[in-house]
Amino acid sequence: PSIAAVCASLDSKATRYAGRFSVNKDPRNEIIEDFKGIVINLLCVFYQRNQVLLRKILFYRDGVGETQFQHVKTYEVKALKDVFASVYRNSGPTLTFIISQKRHHTRFKLGNCHPGTVVDRTILVEQEFDFCKNEKFIILIS
């Protein structure tokens with residue numbers, strides 16, 4: 001079976017985390033089938049701990065093949081927006097959704113990059129990259 005796990009930071013220093021997992025009914029499915037339930041649960045845990053709802057969410061997604069980018073974007077980003085619409089009374093948080101891939105042979109610098117380095121060409125899937133919108137869907141190959 002395909003097992004999906006989601007981990008969320010619970011504080012501004014990113015030192016406390018909560019994790020949730022689910023088993024997909026459909027084997028080899030790259031979509032997190034119970035994504036809405038997991039996100040609602042993690043938002044509740046964050047709220048109980050901090051007494052405030054998030055204003056910005058940076059979501060890193062791994063384990064997606066190139067042929068599934070659009071499917072993940074359609075299903076999981078929509079699921080997040082549906083959750084925000086049900087949890088937040090006014091407008092939901094700003095969402096940046098990043099798909100990270102590891103299978104590549106790109107080198108753009110020896111050693112560590114300097115803080116604040118933005119790579120917006122070459123190792124990104126340019127058809128899906130839009131760094132100017134309020135809601136971003138980025139495919140980053142790391």
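Modeller: Start with Lys36 and Asp82. Their side chains meet in a salt bridge, N to O at 3.1 Å. The pair links distant parts of the chain: Lys36 is in helix H1, Asp82 is in helix H2, and 46 residues separate them. A salt bridge here is a side-chain nitrogen of Lys or Arg within 4 Å of a carboxyl oxygen of Asp or Glu. Helices (H or I, at least four residues) and strands (E, at least two) are DSSP runs, numbered from the N terminus.

A word on the basis. This is a predicted model, where local features need pLDDT of at least 70, side-chain atom pairs count only at pLDDT 80 or more, and totals for chains, interfaces and linings use all residues. Residues are numbered from 1 along each chain as its sequence is written, and side-chain values use heavy atoms, with hydrogens and water left out.

Lys36 is partly exposed, at a relative accessible area of 39%. Asp82 is partly exposed too, at 29%. The classes are buried under 20% relative accessible area, exposed over 50%, and partly exposed in between (1.4 Å probe, protein chains only).

Asp82 has a further partner. Lys78 forms a salt bridge with Asp82, with the closest N and O atoms 2.9 Å apart. Both residues lie in helix H2, four residues apart, about one turn of the helix. Lys78 is partly exposed, with a relative accessible area of 48%.

The whole structure holds three salt bridges. The one still to describe is between Glu76 and Arg61, where the closest N and O atoms are 2.8 Å apart. This pair also links distant parts of the chain: Glu76 sits in helix H2, Arg61 in strand S3, 15 residues apart. Both Glu76 and Arg61 are buried. For Arg61 the relative accessible area is 7%. The two side chains also count as a polar contact, at 2.8 Å. That term covers a pair of N or O atoms within 3.5 Å; within protein, one must be able to donate a hydrogen and the other to accept it, and residues adjacent in sequence count only if both atoms are side-chain atoms.

Now the surroundings of Arg61. Strand S3 covers residues 56-62. Leaving aside neighbours within four places in sequence, Arg61 is in contact (heavy atoms within 4.5 Å) with Glu30, Ile31, Ile32, Val72, Glu76, Phe97, Ile98, Ile99 and Ser100.

Strand S4 spans residues 94-101 and includes Thr96. Thr96 is buried, at 14% relative accessible area. Its C-alpha atom is 8.1 Å from that of Lys56, a residue 40 places away along the chain. Glu66 lies in the loop between S3 and helix H2 (69-87). Glu66 is exposed, at 58%. The C-alpha atoms of Glu66 and Ile99 are 10.0 Å apart, with a chain separation of 33 residues.

Next, the start of the chain. Strand S1 (residues 3-9) has a covered face of Ala4, Val6 and Ala8, and an uncovered face of Ile3, Ala5, Cys7 and Ser9. S1 and S2 pair in the antiparallel sense over seven bridges; strands pair if DSSP finds at least two bridges between them. Ala5 stands opposite Phe21 in S2. Strand S2 runs over residues 17-23. Phe21 is exposed, with a relative accessible area of 62%. Ile3, Phe21 and Val23 make a nonpolar surface patch of about 350 Å². Patches are made of residues with over 30% relative accessible area and no salt bridge: like charges are joined within 9 Å, nonpolar side chains (Val, Leu, Ile, Met, Phe, Trp, Tyr) within 5 Å. Accessible areas come from the Shrake-Rupley method with a 1.4 Å probe; for residues, only the protein chains shown count as cover.

Last, the backbone. Most residues other than glycine have a negative phi. Ala14 has a positive phi, near 55°. Ala14 lies in the loop between S1 and S2 and is partly exposed, at 38%. Gln51 is not a glycine either, and its phi is positive at about 60°. Gln51 is found in the loop between helix H1 (35-50) and S3. Gln51 counts as exposed, at 55% relative accessibility.
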